[in-house]
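Dear colleague,

Please find the sequence and structure for your review below. My notes on selected parts follow.

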Amino acid sequence: MTLTRLVLFSGWGIDARIWQPLIACLHARLAHVTETNDEADDGADDQAKRRPLEIIAPDWPEEGPQAESQAGSEPTASQASLGGADTLWLGWSLGALRAEALAKKQAPAALVSLAMGPSFIDQAASEQKLPALAPEVLEDFRAAFARNPAASWQHFLRWQASGEASARDCLRQLRELIGRHPVSREAVLAAGLAELASRQMSLAPQSELPLEFWLGKQDPLLAPGLSAALRAQGQAVAEFEGGHCLPLSATEALADALLTRMGLASHVTRISEEA
């Protein structure tokens, strides 16, 4: 089945601007893409509806340059439903954990968890028994964040970039996209860290929510052996060359994988032949 709408969910401390290179790459590969933002009109015209792909990259409440005044439980673009049988969701990092919970209400066709396993840290009470970071790793970071939020946020940028082939270039590109200071309030960021400590995917049967894990081979925020353990449990896993910042370090590979997963690769082939 061809999917014609893509929703991109960002992660902790990093707003939807992280998706700009990927969206640009999809534009380059696909001749007609409708890009929808939070201010877009709910009713698309006939020409837009005929285009092969619509992209939505919402910010979470109180996150991003247009942070809202009150917190909620869904992305700011959710005035109109983000789900549907024609829609693929791609959630990055914490965004994947949030998206999995939101999918139970909005029912996309499928969810891709990018750079995130079923949980960020090991959940002692879990029956899934999949590799995850030790709880102490996040506890130490949360303690540091409580002492100095700005410095901890900067450390987090360096931490996630450290798995890339060129960590310095990745960090520079990341800062160029989102700036050198977080746009979310400290309380919002602290709440996100609490989510990382507690959220866990249910790994529902594929018939309920087709779920795939797209992971970086050098991701410093994933536990060793996660990909193999997921495969052993029958989960769909794809691995990419790169670390945690796959939206920046594996942009072209992600674009190609998304178009293939959505059944749109034929559009790219046809456009290339007609060029």
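Predicted model: local features only at pLDDT ≥ 70, side-chain atom pairs only at ≥ 80, totals over all residues.

Residues are numbered from 1 along each chain as its sequence is written, and side-chain values use heavy atoms, with hydrogens and water left out.

Helix α4 spans residues 135–147 (helices are DSSP runs of H or I, at least four residues, and strands are runs of E, at least two, numbered from the N terminus). Leu138, Phe141 and Phe145 of α4 are buried, whereas Asp140, Ala146 and Arg147, on the other side, are exposed (buried is under 20% relative accessible area, exposed over 50%, partly exposed in between, with a 1.4 Å probe and protein chains only). The buried residues of α4 pack against α5 (149–161) and α7 (186–198), contact being heavy atoms within 4.5 Å.

Helices α1 (residues 20–29) and α10 (residues 251–261) have axes that come within 9 Å and cross at roughly 60 degrees (axes are lines fitted to C-alpha atoms, for helices over the stretch in contact, with angles from 0 to 180 degrees between N-to-C directions). Among the residues of α1 that meet α10 are Pro21, Leu22 and Arg29.

His244 lies in the loop between β7 (236–240) and α9 (246–249). His244 is buried, its relative accessible area being 0%. Not counting residues up to four places away in sequence, His244 touches residues including Trp92, Glu164 and Asp219.

Yours sincerely

Technical notes:
Expected span 1.5 Å × (residues − 1).
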